[in-house]
Amino acid sequence: MHNAKKCLNKFLEKEIFTIQQFQYREEPPYKWSLKYFKKMEIGEWDSFCEKCLLEYSKKSLDSWKKSQV
Ligand SMILES: [Zn+2]
C-alpha cells in the first residue's frame, strides 16, 4: 500500500516519487530538506506524482535560498 495522502493526482506505481529523490540535489542539503518536509508532515515514504515532487522541489529550494540571505 502506498501512502498518497498528500497527492490527490492519480498516478501509476512506476511513476511514484518520494522526497528521497532530493538526496541527489546539490542544494539544499538533504538533512535540511528532511526537516523542511517534516514541518509539512511529509516523510521519506510518502508517495507523490512527478508534478507534485517538482513543486516541492521548487518550493523547498526557494525557502532554502531565503534562509541563506
Ligand atoms: Zn501529485
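These are my notebook entries on one chain and a few of its residues.

**Entry 1: ground rules.** I am working with a predicted model, in which local features need pLDDT of at least 70, side-chain atom pairs count only at pLDDT 80 or more, and totals for chains, interfaces and linings use all residues. I number residues from 1 along each chain as its sequence is written.

**Entry 2: the chain as a whole.** I looked up the secondary structure and found two helices and zero strands, where helices (H or I, at least four residues) and strands (E, at least two) are DSSP runs, numbered from the N terminus. I then looked up burial and noted that 13% of the 69 residues in the chain are buried; a residue is buried if 20 or more other C-beta atoms lie within 10 Å of its own, exposed if 12 or fewer, and partly exposed in between, with C-beta atoms placed from the backbone. Among contacts with a separation of 6 or more, 85% are between residues 24 or more positions apart, a contact being two residues whose C-beta atoms, placed from the backbone, lie within 7 Å.

**Entry 3: helix α2.** I went to Y56, which is found in helix α2, and it counts as buried because it has 21 C-beta neighbours inside 10 Å. For L61 and R25, 36 residues apart along the chain, I read a C-alpha separation of 9.7 Å.

Entry 4: Which two residues does a cis peptide bond join? I found that bond between E27 and P28, with omega at about -5 degrees, and I placed P28 in the segment before α1, the helix of residues 30-39. I then turned to E41, which sits in the loop between α1 and α2, and noted that its phi is near 60 degrees, a positive value in a residue other than glycine. Is E41 buried or exposed? E41 counts as exposed, because it has 9 C-beta neighbours inside 10 Å.
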